[in-house]
Amino acid sequence: MGLRRAEMLYQAALHTPAVATEVEPVEPFRCTVRQAENVRVIDLTAKVSIRDSAGPDAPVVAEAAKFQSLEVVSGNAALVGEQSRRRVCAQACRGYNDALYRRDAPLAWARDRHTVASCLAQNVLWWNVRLPDGRVGWASAKYLR
């Protein structure tokens, strides 16, 4: 990637506002969360499917409504899809989550931020969550913050 392109990505990362919902702002995306932390459904169009295992083809076991709070069972995201894509996403998540890397290598961090956003958009990252009624399943990190 050329230096000019990296600078543009960095500037875009600095000036990209957080995604906003109809009711309340949400945090920027994350690759990991703490176990037992609560996340919210941010999908604005429909209920989010909670699946039996990580991945878009797994059977649906429940649905979570917009803004519903879910407890994270395991803080590490499961990565699904092709092995090469999982590897790229895992590497980008490590860089994106590293605060020192963010400070010391801002252009590389901006590249990782862009890659993580792409991984989310492609449903590569999934979190194991518990619904308020106690049922447990997997939801795409794309719809949770």
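The following conversation concerns the predicted model of one protein.

Biologist: What should I know about the model before we start?

Modeller: The model is predicted, so local features need pLDDT of at least 70 and side-chain atom pairs count only at pLDDT 80 or more, while totals for chains, interfaces and linings use all residues. Residues are numbered from 1 along each chain as its sequence is written, and side-chain values use heavy atoms, with hydrogens and water left out.

Biologist: How many helices and strands does the protein have?

Modeller: The protein has four helices and six strands; helices (H or I, at least four residues) and strands (E, at least two) are DSSP runs numbered from the N terminus.

Biologist: And which pattern do they follow along the sequence?

Modeller: The pattern is α-β-β-β-β-α-α-α-β-β.

Biologist: What share of the residues is buried?

Modeller: Of the 145 residues, 39% count as buried. Buried means under 20% relative accessible area, exposed over 50%, and partly exposed in between, with a 1.4 Å probe and protein chains only.

Biologist: What about the surface as a whole?

Modeller: The accessible surface comes to about 8200 Å², and carbon and sulfur atoms hold 50% of that area. The areas come from the Shrake-Rupley method with a 1.4 Å probe; for residues, only the protein chains shown count as cover.

Biologist: Changing topic, how many salt bridges are there?

Modeller: A search of the whole structure finds three. A salt bridge is a side-chain nitrogen of Lys or Arg within 4 Å of a carboxyl oxygen of Asp or Glu.

Biologist: Which residue does Glu71 pair with?

Modeller: Glu71 pairs with Arg130, at 3.4 Å from N to O. This pair links distant parts of the chain, with Glu71 in strand S4 (residues 69–79) and Arg130 in strand S5 (residues 125–130), 59 residues apart. Glu71 is partly exposed at 26% relative accessibility, and Arg130 is partly exposed at 30%.

Biologist: Which partner does Arg111 have?

Modeller: Arg111 forms a salt bridge with Asp112, the closest N and O atoms being 3.5 Å apart. Arg111 is partly exposed at 34%, whereas Asp112 is buried at 7%.

Biologist: And Arg135?

Modeller: Arg135 forms a salt bridge with Asp133, with the closest N and O atoms 2.8 Å apart. Arg135 has a relative accessible area of 41% and is partly exposed.

Biologist: Where is Ser140, and what does it touch?

Modeller: Ser140 is in strand S6 (residues 136–140). Leaving aside residues up to four places away in sequence, Ser140 touches Asn123, Leu125 and Trp126; contact means heavy atoms within 4.5 Å.

Biologist: Is Ser140 buried or exposed?

Modeller: Ser140 is buried, with a relative accessible area of 2%.
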